[in-house]
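The following note was prepared for a colleague who wishes to review this model point by point. Please read the remarks alongside the sequence and the coordinates.

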Amino acid sequence: MLAKRIIPCLDVDNGRVVKGIRFVSLTDAGDPVAQAKRYDLEGADELTFLDITASSDRRDIVAELVRRVADEVFIPFTVGGGLRSVEDIRAILRAGADKITLNTAAVEDPELIKGCAETFGSQCVVVAIDARRCEPRGWEVYTHGGRRPVGLDAIEWAGRAERLGAGEILLTSMDCDGTRAGYDIELTRAVSDAVRIPVIASGGAGKVEHFYDALTAGGASAVLAASLFHFGELSIGDVKSYLRSRGLEVR
């Protein structure tokens, strides 16, 4: 069994780390370079950097900020937000990213997933899915930083992304994001069962038990969290120690 990964996430807006609740009510959470360096030292397995307004504002991600973060970390570093072409992605990889994540652009042009996988390798391509529960049953995909519903079923879209060449799925529950009430286990399990590639659970971590639930009942390969780590309520070490105590293999 592959070791489970703990991934802090830097949601960045105008050069600052921010955190909100259900994608709104953003508050400042510090300098991205300083936060990245701290997580590297704390033993994070990977780091994710998302420019959360790049797609909605129709602007490019800040390559210089990506470069400054990459210079401070020695763990795999995933970057997303506003990437719209193979050329955009090549520039971010050259700036120091190890992987890229696509959300809005992948929905608007699914062939971009295939093009990136063929050019850079599937291991480099993470497709992010922001999903909100819809009636009577299921979850709808949202783009543009959670601002725009697009009528896609999240489970079906995850399977299509895998077939197009995605190497991982970064799955965020918009209903649970920032609530600290736990990950959406039903959503996470549904996507994990629908694909063979790793699924990163995101949205809702509030205590160490939530990480365990997502990795076991939810079937996730990795768990992502932000505010709990940013504000020092839990450390990477706290989470890893707990998971080890429950019999899970972590790095």
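How many nonpolar, polar and charged residues does the lining of the second largest pocket have? The points below take up this matter and then turn to other places in the structure, which is a predicted model.

1. Second largest pocket. The lining comprises six charged residues, four nonpolar residues and one polar residue. Of these eleven lining residues, Leu2, Ala3, Arg5, Pro198 and Ser221 lie nearest the centre of the pocket. The space in this pocket amounts to about 160 Å³.

2. Largest cavity. The structure holds one cavity of 30 Å³ or more, and the space in the largest cavity is about 40 Å³. Its lining is formed by Ile7, Glu46, Thr48, Thr78, Lys99, Val126, Glu168, Leu170 and Ile200. By class, this lining divides into four nonpolar, three charged and two polar residues.

3. Helix 2. Within helix 2, which spans residues 63-70, the buried residues are Leu65, Val66, Val69 and Ala70. Viewed down the helix axis, these buried residues fall within an arc of 135°, and they therefore line one face of the helix.

4. Thr104 and His144. Thr104 is located in helix 4, residues 104-108. Because its relative accessible area is 6%, under the 20% cut-off, Thr104 counts as buried. The side chain of Thr104 reaches the backbone nitrogen of His144 at 2.8 Å. His144 itself is found in the loop that runs between strand 8 (139-143) and strand 9 (148-153). His144 is likewise buried, with a relative accessible area of 6%. The backbone of His144 deserves a look: phi is positive, at about 55°, although the residue is not a glycine.

5. Arg180. A positive phi is also found at Arg180, a residue other than glycine, where the value is near 65°. Arg180 lies in the loop between strand 10 (168-173) and helix 7 (185-194). Is Arg180 buried or partly exposed? Its relative accessible area is 29%, so Arg180 is partly exposed.

Note on methods. Residues are numbered from 1 along each chain as its sequence is written. This is a predicted model: local features need pLDDT of at least 70, side-chain atom pairs count only at pLDDT 80 or more; totals for chains, interfaces and linings use all residues. Side-chain values use heavy atoms; hydrogens and water are left out. Helices (H or I, at least four residues) and strands (E, at least two) are DSSP runs, numbered from the N terminus. Buried means under 20% relative accessible area, exposed over 50%, partly exposed in between (1.4 Å probe, protein chains only). A polar contact is a pair of N or O atoms within 3.5 Å; within protein, one must be able to donate a hydrogen and the other to accept it, and residues adjacent in sequence count only if both atoms are side-chain atoms. On a 1 Å grid over the protein atoms alone, a cavity is a set of points where a 1.4 Å probe fits but cannot get out, and a pocket is an open set with protein on both sides within 12 Å along at least five of seven lines; lining residues have an atom within 4 Å of a point. Grid points are joined across faces, edges and corners, and a volume is the space filled by probe spheres set on the points. Ala, Val, Leu, Ile, Met, Phe, Trp, Tyr, Cys and Pro count as nonpolar, Asp, Glu, Lys and Arg as charged, and the others, Gly among them, as polar. The arc is that of the directions from the helix axis to the C-beta atoms.
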